[in-house]
Amino acid sequence: MEPKPARFLQLLALIGSVFIGTLLTVLLILLSFRFLMAALDQIPWLTYIYMGVMLCIPPVLFCTVFYIFFKRTGSHPSKPVRLFSKSVFILAIAYWLFLLGTDLVFFLKNGYGELGKYETYNLIPLFSTVALIFFMGVLQALTTEKEKDWMDKYKDA
């Protein structure tokens, strides 16, 4: 039984229509988002909600990271490193909460809509926080006991 050319044409038309339909659907979704955002831009109180959320993102993110590290540091074997790490994490959380407070006060007084004017989006605090996270991770990793590899575990067993 030989293939019929009409079936191939029908399959090709179906694949083409699915492809074009997908492109049109994505285009309609993007256009609707554009018009929705343009309409939402006309609502003044929405800017305050947006900026409030945007100003909270870095402090909440870094405070969460430092809190998780603070909790995990409790089981570190070296007591001096544990005390040093916990004090650094507490200071870092306090620093980010201070930045959040000052930025929210600055926003409520001035109402700037640009993120570059706020300290939580300044490159120095962001970079120093990420560097501190890596430094504390390296410090804690260097002060733990060496983990046995699979050959040592096999020899001991």
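## Helix packing and a nonpolar core

The largest nonpolar core is built from 11 residues: F62, C63, F66, V88, F89, A92, I93, W96, L99, I133 and M136. A nonpolar core is a set of buried Ala, Val, Leu, Ile, Met, Phe, Trp, Tyr and Cys residues joined through side-chain atoms within 4.5 Å. Helix 2 (44-73), helix 3 and helix 4 each supply at least two residues of this core, and helix 3 gives the most, with six residues. In soluble globular proteins, nonpolar side chains tend to be buried together.

The model is predicted, so that local features need pLDDT of at least 70 and side-chain atom pairs count only at pLDDT 80 or more, while totals for chains, interfaces and linings use all residues. Residues are numbered from 1 along each chain as its sequence is written, and side-chain values use heavy atoms, with hydrogens and water left out.

Helices (H or I, at least four residues) and strands (E, at least two) are DSSP runs, numbered from the N terminus. Two packed helices are described by the angle between their axes and the distance between the axes. Axes are lines fitted to C-alpha atoms, for helices over the stretch in contact, and angles run from 0 to 180 degrees between N-to-C directions.

| Helix pair | Angle | Axis distance |
|---|---|---|
| Helix 2 and helix 3 | about 175 degrees | 9 Å |
| Helix 3 and helix 4 | about 165 degrees | 11 Å |
| Helix 2 and helix 4 | about 10 degrees | 12 Å |

Angles under 35 degrees count as roughly parallel, over 145 as roughly antiparallel, 65 to 115 as roughly perpendicular and the rest as oblique. Helix 2 is therefore roughly antiparallel to helix 3. In the contact of helix 2 with helix 3 there are 21 nonpolar, three polar and three charged residues. For these classes, Ala, Val, Leu, Ile, Met, Phe, Trp, Tyr, Cys and Pro count as nonpolar, Asp, Glu, Lys and Arg as charged, and the others, Gly among them, as polar.

Helix 3 (residues 79-110) and helix 4 (residues 123-142) are likewise roughly antiparallel to each other. Helix 3 passes helix 4 in a left-handed crossing. A crossing is left-handed if the near helix is turned anticlockwise from the far one by less than a right angle, and right-handed if clockwise. On the side of helix 3 the contact is made by V81, F84, S85, V88, F89, A92, Y95, W96 and L99, and on the side of helix 4 by P125, L126, T129, L132, F135, M136, L139 and Q140. Contact means heavy atoms within 4.5 Å. These residues divide into 14 nonpolar, three polar and no charged. Leaving aside its neighbours within four places in sequence, V88 is in contact with L132 and M136.

Helix 2 and helix 4 are roughly parallel to each other, and their crossing is left-handed. P58, F62, V65, F66, F69 and T73 of helix 2 meet L126, T129, V130, L132, I133 and Q140 of helix 4. By class, this contact of helix 2 with helix 4 has nine nonpolar, three polar and no charged residues.

Buried means under 20% relative accessible area, exposed over 50%, and partly exposed in between (1.4 Å probe, protein chains only). L83 is in helix 3 and is exposed, with a relative accessible area of 52%. The C-alpha atoms of L83 and T73 are separated by 8.8 Å, and the two residues are 10 residues apart along the chain. T102, found in helix 3, is partly exposed at 31% relative accessible area. T102 lies 18 residues from T120 in sequence and 9.4 Å from T120 in space, C-alpha to C-alpha.
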